[in-house]
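Please read the following note with the sequence and the model at hand.

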Amino acid sequence: MPSQVNLAVSNQRDREHNRSRLVKIVNGRLIRDHKIINDDVLYLYNGKIIDPQTYFFTCGDLPDVVIDAKGLLIAPGFIDVQINGAFGVDFSQWHGEEKMRKGIDNVARGLLKYGCTSFIPTLISSEIEIYHKVLPLLKSRKGNKTNGAEILGAHVEGPFIMPSKCGAHEESYLRVASGGFSDFVKVYGLNEGKDQIVKIVTVAPEVEGVLDSVEDLVQTGVTVSLGHSSATVAQAESAVEKGARFITHLFNAMQQFHHRDPGIIGLLGTTRIPRPYYGIICDGIHVHPNSIKMAYDSHPKGAVLVTDAMAAMGLPPGDYALGDIPVRKINDERVEVIENGRLAGSVITIDACVRNFKKSTGCSIVEAVEAATLHPAELLGIQNIKGTLNIGADADLVFLDDDLKIMKCFIAGEEVDI
């Protein structure tokens, strides 16, 4: 019969062999609870931010690794809820399952160097078969050092949008929803519950059948966003009353502001209903800094930074495609449809959006960071595990200098090479 001492040593070895590493981060300035907390300590274990007192009382283990943040800012990992592709990969182009899976993996891993630890791959208006082939590959998937950034599901931008505001979308793919909600089920293959792949759908509320489908979409767990639309402010407010909670790339592909009917943009000034969150592309091309400042001053808690990046992000200037549309990357700031010169997504990265947002608005570091962390998490209803450094949240985080440049990135508690 083994002695009590030998048994205790054996149990300790088993525990050390099976458990994850306990990481302690010291000398950091944590962005937590809407403020910067100086010289705070963070503990990471098993992919989560943990309460050290509870852990030590239960397990009694000392940290395996101590990381000195050397006074850097520590923020939650960034979340991008609208990204069409990157690094030569377009989520709306089908090249066979094996190539698509490899491309999705490459994007997920590549985004980490920009501090993006969670993202929602976005499909623009496409043929039905594209949705049915691609969407099953975009199921929610945990992020880690091998997989890269976490996939939170899919954003389908179209095809239930207005032809007059289709932007770089192929007009022949656009549809009406004359059959109501059943048309959305047919096009996307929607299902209910936690396995819902589609997390965000961008629609124009004035398109036939769309407004009457908003409540059903919300019931299936989809966040309804308004965009690519000529909607009046009354139509936009009706959509929000039915459950729409987001505006797709504010100011772009929508009726421009008019003092008698401000359209979708007017939702930022409504007092009659809850104001929705709004996506905004801070690349210096899609939205003038003055307009960004106006939106922020109107509704600071609603700002959600998005890249709207396409396949040319991370690649040199040249000819590429957005879905089936030939586009040209002019430089590291601008991409145009070759045929007509329209803007065709962006090539900005999410960390650059954060820096540009702060510069354009004059907001605080905390407010700039929250527009790429807490606000998108709140939009998706996952603010307890994403977009925060609170106990119990996923251990996805970034180290930033005072210029908001990425110095380190962690996914599921593990540091990655950037």
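In which strand does Glu157 lie?

1. Glu157 belongs to strand E11, residues 154-157. Strands here are DSSP runs of E, at least two residues long, numbered from the N terminus. This is a predicted model, in which local features need pLDDT of at least 70 and side-chain atom pairs count only at pLDDT 80 or more, while totals for chains, interfaces and linings use all residues. Residues are numbered from 1 along each chain as its sequence is written, and side-chain values use heavy atoms, with hydrogens and water left out.

2. Glu157 counts as buried because its relative accessibility is 2%; buried means under 20% relative accessible area, with a 1.4 Å probe and protein chains only.

3. An unreviewed UniProt entry places the feature "binding site" at Glu157, His228 and His249. Such annotations may be inferred rather than shown by experiment. The three positions are spread over 93 residues of sequence, yet they cluster in space, with a largest C-alpha distance of 10.8 Å.

4. An open sheet is formed by three strands in the order E17-E18-E19, with antiparallel pairing. Two strands pair if DSSP finds at least two bridges between them. Strand E17 (318-322) and strand E19 (335-337) are the edge strands, each pairing on one side only. From one strand to the next, the twist averages 35°, an angle between axes fitted to C-alpha atoms, on a scale from 0 to 180 degrees between N-to-C directions.

5. Five bridges join E17 to strand E18 (residues 325-329), and the two run antiparallel. Leu322 stands opposite Ile325 in E18.

6. The structure holds two cavities of 30 Å³ or more. A cavity is a set of points, on a 1 Å grid over the protein atoms alone, where a 1.4 Å probe fits but cannot get out; its lining residues have an atom within 4 Å of a point. A volume is the space filled by probe spheres set on the points.

7. The largest cavity has about 40 Å³ of space. Its lining includes Pro76, Thr117, Lys386 and Asp394, and the lining residues divide into three nonpolar, five polar and three charged. In this scheme, Ala, Val, Leu, Ile, Met, Phe, Trp, Tyr, Cys and Pro count as nonpolar, Asp, Glu, Lys and Arg as charged, and the others, Gly among them, as polar.

8. The second largest cavity has about 30 Å³ of space. Among its lining residues are Asp80, Leu111, Tyr114 and Met313; by class, this lining has six nonpolar, two polar and one charged residues.

Definitions and conventions: 1 Å grid on protein atoms, 1.4 Å probe; cavity = no way out; pocket = protein on both sides within 12 Å on 5 of 7 lines; lining within 4 Å. Helix = DSSP H or I, 4+ residues; strand = E, 2+ residues; numbered from the N terminus. Buried < 20%, exposed > 50% of the residue type's maximum accessible area, 1.4 Å probe, protein only.
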